[in-house]
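Please look through the structure below with its ring-shaped side chains in mind, and then with an eye to its pockets.

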Amino acid sequence: MSAAQHRFFANADVLNHLFDTFSPDYSLHQTFRADTVTDRQSRVTRRTLAHAARTCTAFTEPASRNLWKALPSGLLPLANVFSNLTSYVRMDRNGDGMRCQQTYYELDGDVSEAEWIRFEQLASRVRCFVDDPESHVTPSVLKAIVEHHAKHKLFLFPGLQLLRWSCSSGDELEQQFLRVLCTPALFSVIYHGSIYKDDAVDLPIIAECAPGILHFHLSMQPPVGIPNPLLRLTSLRSISLLGGGMDDVLSAHLATLPDLRWMKCCGVFLTPPTSRTSRVHVRYGHFPEGYPALRTLWIAGHASPSSYLLTLSRMTSPFLTTLRLGLYVVRRVDAVSFMRDMCALSAVQSLKKIVLSLLFERAKHPGYSTYGAAPHYEDVQLSDLAASLCRLHHVEHLRLFSETLRIVVSDDDLTPIARAWPQLNHFEIVTSINTYREFPPQERAARSNIARPSLPAVVHFAQGCPALRSFHVEVADITDEHVTQLEAHIGTPAFAHHPMMRKITLARRDEEDRIKLPEDIERLAKSIHAAFPCLDQLNGLGWDFRGYNEFLIHRRWNKATSKDLPLLLILLAELRGQPLPC
């Protein structure tokens, strides 16, 4: 080891800073992103830290400190400190309801004082805890931990910042365990329960022990007939309600919070549900005037477009930059009028990200109100929708999804959008595959000739939006004439290579309407590479060819695309100097 390397490994500040990059700051975590502690990337990071802790003595302390910041699999890793922890196997049902052998862990005897000291040292490092019912830690372990910390008046994890909790269903021991979990330092809570019954028995404990929570994610049907414990949370910056339950009392409370910036409500009734609703304990209400600091609003509810317009008109925040709505629209005229009326509201003038989903209610599904009639599957021109949207001057991200109307995009539709939004970085128009299938067979052939933007028009559109990074719109069949036009445009002095485009989609969603490419695929690949030299994904597949076999045999690619698309992908990878798959 050289002298420079020795000084590097001897510098604790440098090593701490290096390994801190492997662990997020959970105090800044939003509740809607908190599930990242259990995703694949998190597991890879934890394995990296575990290997580093065993590789070098200098790495042991900083790596293990960051490794213990998160416990994504419950108490079991921490309980392994106890020497008298034993295991046994019995037949039981797993999370999928299948009977199989399950391993359970219990304490056999008392825990020594030295083991409690080591336990508390490791517990003091924990910043994120996920309550995992599948860890199979028996009540004997929980009881020992609760009694020890209650006796010494200690919190289990003094620095805990993010908690993911599954409802205890009224179990007294688990509720006592929750009390030693909730600390004043707690920032974020994800609460999982059933959306079909009141599993809110633990909410009052959380609200009492940690009233300063900033981010709250509730995945259940909120309580009915009792004071809502969420009313005690006055410091919220983000809230997510995935089981409905936005009533007048709760919405009035949230409207007054000065720091609430992010709100997501799914399954909320903005109008009284009808008698056909079979959901248990349905709550409904309206959004009152307020929400002064709101920046992101995400609503997927059971309401008419007029109810959404009324909700948006009451937003007083001048900072609203992200809007995601799922609304029920079955007619073209309703979609166009909603866009017109929405863009006239003062609350949406600062929007930068717009995600709109045009849906229809399925009366056969329980829990849906009855607005509108059966879908007609009409066609709507993008220019009719964009005529109103283009009045919003700050849009950077636009996604329109429809399962009731087929959104038609032509070459002429792209020009005004590029002129109105030169700062656009994401443009996506998606029609549900079910919409295509609903057309009678005799109409599908005629509808396959519907207008789509040509590849030269897409390149012209990208030239007008220099910040564009992804383009997801069905493209027309590419002919030799299109390639010739593209080559002529690329050869002009005014043409500039697009530096930002990363993703583009050519595939069709209709399996019986494959896109056609010219015979000279190599010529097409050179033109696309000249226009977008930084392109690294085509139809969702990158040049690293992960899942390449699935790309060739998967139903979506095998039926809905031309066989020449894999060849085009390979040629583009060669032009970028990337290695080909084996």
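In this predicted model, Arg295 lies over the face of Phe319, at 4.8 Å from the ring centre. A charge is also placed over a ring at Trp298, where the charged end of Lys264 sits 3.9 Å from the ring centre.

Two of them are set out here.

| Pair | Distance between centres | Angle between planes | Arrangement |
|---|---|---|---|
| Phe82 and Trp116 | 5.2 Å | 65° | edge-to-face |
| Trp165 and Phe177 | 6.2 Å | 35° | tilted |

Because Phe82 lies in the loop between α5 and β2 while Trp116 lies in helix α6, their pair ties together parts that are 34 residues apart in sequence. Phe82 is buried, with a relative accessible area of 2%, and Trp116 also counts as buried, at 7% relative accessibility.

The pair of Trp165 and Phe177 joins strand β5 to helix α8, and so it ties together parts that are 12 residues apart in sequence. Trp165 is buried at 0% relative accessibility, and Phe177 is buried at 3%. Both rings belong to one aromatic cluster, which Phe129 and Phe157 complete.

Which residues lie nearest the centre of the largest pocket? They are Asp131, Pro133, Val137, Leu142 and Glu174, out of 21 residues that line this pocket. Two or more lining residues come from each of β4, α7, β5 and α8, and α8 gives the most, with 3 residues. The pocket has a volume of about 410 Å³, and its lining divides into 12 nonpolar, 5 polar and 4 charged residues.

How values were computed:
Residues are numbered from 1 along each chain as its sequence is written. This is a predicted model: local features need pLDDT of at least 70, side-chain atom pairs count only at pLDDT 80 or more; totals for chains, interfaces and linings use all residues. Side-chain values use heavy atoms; hydrogens and water are left out. On a 1 Å grid over the protein atoms alone, a cavity is a set of points where a 1.4 Å probe fits but cannot get out, and a pocket is an open set with protein on both sides within 12 Å along at least five of seven lines; lining residues have an atom within 4 Å of a point. Grid points are joined across faces, edges and corners, and a volume is the space filled by probe spheres set on the points. Helices (H or I, at least four residues) and strands (E, at least two) are DSSP runs, numbered from the N terminus. Ala, Val, Leu, Ile, Met, Phe, Trp, Tyr, Cys and Pro count as nonpolar, Asp, Glu, Lys and Arg as charged, and the others, Gly among them, as polar. Rings of Phe, Tyr and Trp (its six-membered ring) pair if their centres lie within 6.5 Å; planes under 30 degrees apart count as stacked, over 60 as edge-to-face and the rest as tilted. Buried means under 20% relative accessible area, exposed over 50%, partly exposed in between (1.4 Å probe, protein chains only). A charge sits over a ring if NZ of Lys or CZ of Arg is within 6 Å of the ring centre and within 35 degrees of the ring normal.
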